[in-house]
Amino acid sequence: MDLTQAQNPADDPALPASPLVVISPHLDDAVLSCAGLLAARPGSTVVTVFTARAPLHQPLTDWDRRCGFDSADAAMTCRLAEDREALGIVGATGLALGFLDCQYTATPDQDAPLITERLFQLLASLAPASVVMPLGVFHCDHERVSDEALMIRDALPGAAWFGYEDVPHCERPGVVQARLAQLHARGVTATPVRLAVNAADKARAIQAYASQLKGLESTALGLAVHETYWRLTDSATDVG
């Protein structure tokens, strides 16, 4: 469904309804991928999974170096501040789950059961009308969070569930199509919902992530593209 001509996206019933929760793997993913939706749904909650500080004496990773940092602790301090600024621009509240980004641990999968449990408990307490999760492409943290959210989805049938295309990873050739095929194989039907956004407004929120933009070697306006969501339903419910 193309919403390019919608006069007021906040009133369009095809979009996720409030109260809205967006699940974000890292401290930037929700705004990079969903700033337009968050701005149209003020008062929404962004739950970010990987927000823990790295262990002491953590070697400097290539990504943190590219973003201009000299230590992992400095990187997380800056990213937390950037995220607060960006969420303030779109009118959202941030909640942090406090798990380690995969770049800071040799065993990223060991936290999966605890992430699923804590994410489920938090979503149950928030009782959202809509949950928007990463579609889960390319990056291992995005894939993990998406798979864990899909498990939770079955236990929270009262909410409408949507996947968002992970910016900028969704621009890689074939990754979205491959993920949609995986969802179909799991019995999940994905129906597209596209939101046209004001690029200048979205760029203003993205600009708060100055360190991330440096690492991505991109501009805020270059990332302020349309937003594509996928309404996730059980294939069995679509029969007939």
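Contact here means heavy atoms within 4.5 Å. The model is predicted, so that local features need pLDDT of at least 70 and side-chain atom pairs count only at pLDDT 80 or more, while totals for chains, interfaces and linings use all residues. Residues are numbered from 1 along each chain as its sequence is written, and side-chain values use heavy atoms, with hydrogens and water left out.

View 1. Not counting residues up to four places away in sequence, V132 touches P16, L20, V21, V22, I23, C34, L37, F162, Y164 and Y229. A nonpolar core is a set of buried Ala, Val, Leu, Ile, Met, Phe, Trp, Tyr and Cys residues joined through side-chain atoms within 4.5 Å, where buried means under 20% relative accessible area, exposed over 50% and partly exposed in between (1.4 Å probe, protein chains only). The largest such core holds 62 residues, of which V22, I23, L123, V132, W161 and Y229 touch the most other members. Helix 1 (residues 29–40) gives the most to this core, with seven residues; helices (H or I, at least four residues) and strands (E, at least two) are DSSP runs, numbered from the N terminus.

View 2. S18 and P19 are joined by a cis peptide bond with omega of about -5°, and P19 is found in the segment before strand 1 (20–24). A cis bond also runs from V167 to P168, with omega near 5°, and P168 lies in the loop between strand 5 (160–164) and helix 6 (175–185).

**View 3. F138, a non-glycine residue with positive phi.** F138 has a phi of about 70° although it is not a glycine, and its place is the loop between strand 4 (130–134) and helix 5 (140–155). With a relative accessibility of 42%, F138 counts as partly exposed.

**View 4. E217, a non-glycine residue with positive phi.** In the loop between helix 8 (210–216) and helix 9 (220–223), E217 has a positive phi of about 55° although it is not a glycine. E217 is exposed, its relative accessible area being 74%.

**View 5. Context of the close-ups in the protein chain.** The protein chain contains nine helices and seven strands, and 50% of its 240 residues count as buried. Among its contacts with a separation of 6 or more, 80% are accounted for by residues 24 or more positions apart. Along its principal axes, the C-alpha trace spans about 60 × 40 × 35 Å.
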